[in-house]
Amino acid sequence: MMAVTVQSAFDYDAPADRVWADLISYDALAKSMKGSLTYIGLPDGEAKVGDDFEVELKIWGWLPVGRWRMRVVERDDASRVMRSEEGGGVVRRYHHRLMVKPTGPATSCYEDLIELDAGLFTGFYRRNVERMYHARHRARATRLAASA
């Protein structure tokens with residue numbers, strides 16, 4: 001199977017700057033994934049261009065599923081766009097572009113665009129990526145609403 005593009009968009013009842021601050025935080029990423037996927041070895045602080053690291057992945061906090069490399073290649077705070085190049089295991093290419101746009105004074109839309117290539121497993125990974133991002137956004141929306 002060839003590479004596929006995975007697109008998603010999620011609306012938030014939070015201003016774009018607040019959603020952006022959450023998205024660039026490694027701590028917030030870990031919180032958004034809690035319960036489903038654990039990243040062991042995430043850096044502290046905010047994502048910045050040039051970050052290049054590997055994490056160990058665990059499902060449910062205890063089942064090891066491999067290593068994942070992340071490299072931040074773009075972060076534009078003015079337009080709220082970040083891009084990363086990632087991969088691990090059978091995933092040969094996972095180019096991720098995320099963007100936050102205001103939709104009103106206190107609302108915003110977060111968009112993901114992922115180019116995914118996992119060879120014969122691309123379809124399987126696509127379904128898992130879609131489920132994972134929906135769960136991540138539900139967790140983020142709940143967390144942002146609670147801190148409003």
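Modeller: A search of the whole structure turns up 15 salt bridges. This is a predicted model, where local features need pLDDT of at least 70 and side-chain atom pairs count only at pLDDT 80 or more, while totals for chains, interfaces and linings use all residues. Residues are numbered from 1 along each chain as its sequence is written, and side-chain values use heavy atoms, leaving out hydrogens and water.

Colleague: Why is the pairing of R83 and E74 called a salt bridge?

Modeller: The term asks for a side-chain nitrogen of Lys or Arg within 4 Å of a carboxyl oxygen of Asp or Glu. R83 and E74 meet at 2.7 Å, N to O, so the pair qualifies.

Colleague: What makes E111 and K101 a salt bridge?

Modeller: Their closest N and O atoms are 3.6 Å apart, so they pass that cut-off too. E111 sits in strand β7 and K101 in strand β6, 10 residues apart; strands here are DSSP runs of E, at least two residues, numbered from the N terminus.

Colleague: Why is L116 called buried?

Modeller: Buried means under 20% relative accessible area, exposed over 50%, and partly exposed in between (1.4 Å probe, protein chains only). L116 has 0%, so it counts as buried.

Colleague: And why is E115 called partly exposed?

Modeller: Its relative accessible area is 34%, so it falls in the in-between class.

Colleague: Which residues does L116 touch, not counting residues up to four places away in sequence?

Modeller: Among them are A3, V91, R93 and R126, where contact means heavy atoms within 4.5 Å.

How values were computed
Helices (H or I, at least four residues) and strands (E, at least two) are DSSP runs, numbered from the N terminus.
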